[in-house]
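I opened my notebook and picked a few things to look up in this structure. Here are my entries, in the order I made them.

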Amino acid sequence: MVKARPLIVSDCDGVLLHFIAPFIDYLRDIHGYSLKMESFALTGNVRRPDGSAVEGHEFPPLLDGFFTTHMPQQTPIPGAADALQHLARSCDVVVLTNIADHHAERRTAELQRMGMPYPVIGNQGGKGPPLKKLLDEFQPSEAIFIDDLPPNHTSVKTHVPHVHRLHMVAEHEVRHIIPQSPDAHARHDDWPAMLSHIETILKG
Ligand SMILES: [Mg+2]
C-alpha cells in the first residue's frame with residue numbers, strides 16, 4: 001500500500017502569480033479604466049475616465065476578458081516555483097483557483113511554463129467544499145491550505161477545520177489593506193518564510 005503523503009493546496013492569484021499589476025494594465029489598455037487599491041475590494045476602486053466607479057455587476061465580464069487575453073502577462077511571485085518544487089518531492093501539490101472552468105486549462109499551461117506543473121482546479125465561491133472533495137480523493141497524511149483572501153480561510157475552517165490554513169498576501173499593492181485572517185493559523189507574505197513554516201509543520 002502506498003504511504004499517504006501530505007497535500008499542499010495553494011491559491012494562484014496573489015500567491016503564485018501576480019494579479020493586481022497585470023489587471024491594472026489590462027483595465028487601462030483595453031477599457032481606459034483606472035484601479036487604485038484604496039480598500040480591500042475591486043468594487044468601488046475601478047473608475048472610468050470621468051471618475052465614476054465601475055459597478056459590481058460589471059466585474060465578471062472584466063475578469064473574463066482579463067483571463068481570456070491577459071493571463072500570459074501574469075508574472076510569477078518570487079520564490080513560489082522553487083518552494084513548490086521543493087515541497088513536491090514529498091507532498092502532492094494542487095492549485096485551487098477561483099477561475100471559470102474554461103480558463104483552467106490555459107492557467108495549467110501558464111503555471112507549467114513558469115515551472116509549476118501542478119493540477120489546477122477551477123472553482124467559484126467558497127473553497128471549503130472543493131477542498132473537502134480533494135481530501136476525500138487524496139486521503140493525505142495532512143493538508144495545508146494557502147490563500148490570500150480571508151473569506152477563503154473562513155470557508156475552509158467551516159468545512160474542513162483540521163486543515164492547516166496559511167495566509168499569504170504576496171502582492172505588495174494590497175498587503176497593507178488585507179488584514180490577517182482570524183481563521184488562518186499563521187500569515188507569511190513571502191515564499192521563503194512560508195516554506196520554512198510549512199517544513200516545520202511537516203516535521204512536527
Ligand atoms: Mg487569490
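Predicted model: local features only at pLDDT ≥ 70, side-chain atom pairs only at ≥ 80, totals over all residues.

**Entry 1**

Across the interface of domain 1 and domain 2 I found five residue pairs in polar contact, both residues at pLDDT 80 or more. I then looked up which elements on the side of domain 1 touch domain 2; those that give two or more residues are helix 4 (101–113) and helix 7 (172–175). Helix 4 supplies the largest share of that side, with six residues. I also looked for salt bridges between domain 1 and domain 2, and the count is zero.

Next I noted where the domains run. The assignment gives domain 1 as 7–18 + 75–203 and domain 2 as 20–72. Their C-alpha centres lie 24 Å apart. In contact with each other are 17 residues of domain 1 and 12 residues of domain 2. How much area is buried between domain 1 and domain 2? I wrote down about 1,300 Å², with carbon and sulfur atoms giving 67% of it. In domain 1, His-103, Arg-106 and Ile-177 lose the most area to domain 2, together 33% of what that side buries.

**Entry 2: the magnesium ion**

Which residues coordinate the magnesium ion? I found Asp-11 (OD), Asp-13 (O) and Asp-148 (OD), at 2.0 to 2.3 Å. In sequence these donor residues follow the spacing D-x1-D-x134-D. Asp-11 sits in the loop between strand 1 (7–10) and helix 1 (20–31), and Asp-148 in the loop between strand 6 (143–147) and helix 6 (150–159), so this pair ties together parts that are 137 residues apart in sequence. I checked how accessible the two are: Asp-11 is buried, at 6% relative accessible area, and Asp-148 is buried too, at 8%.

**Entry 3: salt bridges**

I searched the whole structure and got 11 salt bridges. In one of them, the side chains of Lys-127 and Asp-147 meet at 2.8 Å, N to O. This pair links distant parts of the chain, with Lys-127 in the loop between strand 5 and helix 5 and Asp-147 in strand 6, 20 residues apart. Both Lys-127 and Asp-147 are buried.

Then I turned to Asp-189. Its side chain meets that of Arg-175 in a salt bridge of 3.5 Å, N to O. Arg-175 is in helix 7, while Asp-189 is in the loop between strand 8 (186–187) and helix 8 (191–203), 14 residues apart. Is Arg-175 buried or partly exposed? Arg-175 is partly exposed, at 32% relative accessibility, whereas Asp-189 is buried, at 19%. Asp-189 also forms a salt bridge with Arg-187, at 2.9 Å, N to O.

**Entry 4: a loop residue and a helix**

I looked up Asn-123 and found it in the loop between strand 5 (120–122) and helix 5 (128–138). Asn-123 is buried, at 10% relative accessibility. A polar atom of the Asn-123 side chain lies 3.0 Å from the backbone oxygen of Gly-125. Among the residues that Asn-123 touches are Leu-96, Thr-97 and Pro-130.

My last stop was helix 2 (residues 59–69), where the buried residues are Phe-59, Leu-62, Gly-65, Phe-66 and Phe-67. What covers these residues includes helix 1, strand 3 (46–47) and helix 4.

Definitions and conventions. Residues numbered from 1 in each chain as written. Heavy atoms only, no water. Donors = N, O, S within 2.8 Å, 3.2 Å for Na, K, Ca; no water. Helix = DSSP H or I, 4+ residues; strand = E, 2+ residues; numbered from the N terminus. Buried < 20%, exposed > 50% of the residue type's maximum accessible area, 1.4 Å probe, protein only. Domains from an automatic or database assignment. Contact = heavy atoms within 4.5 Å. Buried area = accessible area lost by both parts, 1.4 Å probe. Salt bridge = Lys/Arg side-chain N within 4 Å of Asp/Glu carboxyl O. Polar contact = N/O pair within 3.5 Å; in protein donor to acceptor, adjacent residues only side chain to side chain. Lists of a residue's contacts leave out its neighbours within four places in sequence.
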